[in-house]
Each structure stands twice: as structure tokens, then as C-alpha cells.
Amino acid sequence: MRGPIEQRFPRPSVMGVVNVTPDSFSDGGVNLEPEAAIASARRMRAEGAAIVDVGGESTRPGSERVELDEELRRVVPVLEGVAGEVPISIDTSKAEVARRALALGAELVNDVTALRGDPDLTGVVADSGAYLCLMHMLGKPRTMQQKPVYDDVVSEVAAFLEERLAFAVEAGVSEELVCLDPGIGFGKTVEHNFELVRRLEELAALGRPIVIGFSRKSSLGKLLGDPSATTGSTAASVGAAVAAYERGATILRVHDVREHVEALTAARAVGTA
Ligand code: HH2
């Protein structure tokens, strides 16, 4: 039995990102070969990542779905290569991918559909006793950035996450194993993304640890003056991560692990007497 997720991941904890994909928005192709992905995961662990999130399907704006066989072909060799060495989160919405990853020792299932994608995933997570991340997304990756509209983005995201948490718990997932993520960039404008971090206390009030994945996202590039940006810089990512941590975020999902670990260590030292 695992203990509460907040014990396993004290604030702030860094989740490194390894996308075993040709088309991810910022590191597409970099880690497509298993050897490269394995080396990246090991390096992130050495740089202080508490866990490394391995994904075989890009969910960038405009992306298409990846077939099960292809997703397994991408991630399984990487999971085998780091098993027992690097703590692993599996970034998938497919039950079979999660099942294989958990059998290879993954501790956390990171589902960007918040258990609305594959109907079998909930049972896989509940039966395994793995940690679970439930993320908000408005629409589907292919179309989610076409004029997203909210009356109040923070209260709507909070209500969604509360409902998905209740769904998971009802289906047998232990509440203390769940963390929640507002889904920066998933059906949100630049202003929506910053408002979600600005008012992060309202999400933390749901009583579960909050994950923030602002790393390299296009809102950061747009903020700095490029209206057609598809990525953001490391420095801007670190700024957003520190701001999110100071407003209560627990896990920061990032591509540049060393820079985030260093900045968050300093931010934490300021905050502790
Ligand atoms: N963002 C991405 C993918 N998975 N999971 C969570 N929980 N939170 C996020 O913000 C999040 C996520 C998108 O980033 P990335 O994995 O770098 O890109 P891609 O989806 O293009 O592979």
C-alpha cells in the first residue's frame, strides 16, 4: 500500500518530462530513440527530479491520436530500461499502456483526459493502488485551442476537478493517492493560463496536491512578445513554476529539471523560517 501522495511528493517536487514522440511541441524527436529517452530519464533523476513522466502520445494543440501498438512500441523499451532505477509516471490515457507501465514499476498514472478517455483505465488504476493525476482539458487536443471560452475559468476548472475526483473515488481509487492539475494550455488562452496560477489557492482548496505544467508552453512565448510562439523559454518556465509553487503547487512538471530544481530550492529556502 502506498502512503498519501503528499508524503511521497513534498512541496515542491519536480516531475521531469520525457516524450518518446516525434511531434511533441518542445522536445519532439529528441527522445524518440529508447537509448536517448533512457539517458534523459537518468539525467533528470540525477538532477533532482522526484519522478519522470514518460509519454508516447503528444497532446499538443492540433495533434492526432496514436494507436495502442505504436504507443506501446515507444514507451515499453524506455520503461524496461529504467525499471527499478528511475521513479516513473506514465503519461497515457490508455488502460493497456498504464497496465504495462505499472507492471514495469510505474508509480503514477498521469491521464490528461481525467478518466474520460478509456473506460478501462479507472479499474486499472484502482486495482493497482497507483498514484493518479487528473487533469482538466476543455475539448480535445485537435481543436482545444480554437477560441476556448469560460465564464470564470478558475471556478469551472475547480468544479471539473472536484467532479473527476469524486468519480475516481467512487470507482475505488483512494483519494489520498490523487493529485489534480488545471491543465495549462489545454483549451485555455494566455490569460486563462495565468489566471489559473494567480488564483491557484482556489484549486488547492479542493484538498489535493496540485500539479502545474507550464514548462515551455506557448503562453510564455506569447507573453514575451511573439504572438505566433509555439514554445516558451526555460527562464520564463522557471518564473512561472516558482510563482505556482508560492501559490501552493506541489508538483511542477518540467522539461529543464536542473534549472527548476535549483530555482525551487531557493524559493523554498525563502519560504521556510
Ligand atoms: N502537459 C502536457 C502533457 N501532459 N500532463 C499533466 N498532468 N499536465 C500538463 O500540463 C501536461 C501533461 C503537454 O506537454 P508535453 O508533454 O511537453 O508535450 P506533448 O503533449 O506535445 O508531448
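In helix H10, the buried residues are Ala236, Ser237, Val238, Ala240, Ala241, Val242, Ala244 and Tyr245. The model is a predicted one. The buried residues of H10 pack against helix H7 (190-198), helix H8 (200-204), S7, helix H9 (218-223), strand S8 (251-254) and helix H11 (257-271). H10 comprises residues 234-246, and at 1.5 Å a residue these 13 residues should span 18 Å; the end C-alpha atoms of the helix are 18 Å apart, which agrees with that expectation. Just after H10, Gly248 adopts a positive phi of about 115°.

Eight strands form an open sheet with parallel pairing, in the order S6-S5-S4-S3-S2-S1-S8-S7. Its edges are strand S6 (178-181) and strand S7 (211-212), each of which pairs on one side only. Helix H3 (residues 68-82) lies across S2 and strand S3 (88-91), and runs at about 180° to S3.

The count of salt bridges comes to 20. One of them is formed by Arg42 and Glu85, whose closest N and O atoms are 2.6 Å apart. Arg42 lies in helix H2 and Glu85 in the loop between H3 and S3, so the pair ties together parts that are 43 residues apart in sequence. Arg42 counts as partly exposed, at 39% relative accessibility. Glu85 likewise counts as partly exposed, at 42% relative accessibility.

A further salt bridge is formed by the side chains of Glu191 and Arg198, at 3.2 Å from N to O. Glu191 is partly exposed at 43% relative accessibility, and Arg198 is partly exposed with a relative accessible area of 45%. Glu195 forms a salt bridge with Arg199, in which the closest N and O atoms are 2.6 Å apart.

Terms used:
Residues are numbered from 1 along each chain as its sequence is written. This is a predicted model: local features need pLDDT of at least 70, side-chain atom pairs count only at pLDDT 80 or more; totals for chains, interfaces and linings use all residues. Side-chain values use heavy atoms; hydrogens and water are left out. Two strands pair if DSSP finds at least two bridges between them. Helices (H or I, at least four residues) and strands (E, at least two) are DSSP runs, numbered from the N terminus. Contact means heavy atoms within 4.5 Å. Axes are lines fitted to C-alpha atoms, for helices over the stretch in contact, and angles run from 0 to 180 degrees between N-to-C directions. The expected span of a helix is 1.5 Å times one less than its number of residues. Buried means under 20% relative accessible area, exposed over 50%, partly exposed in between (1.4 Å probe, protein chains only). A salt bridge is a side-chain nitrogen of Lys or Arg within 4 Å of a carboxyl oxygen of Asp or Glu.
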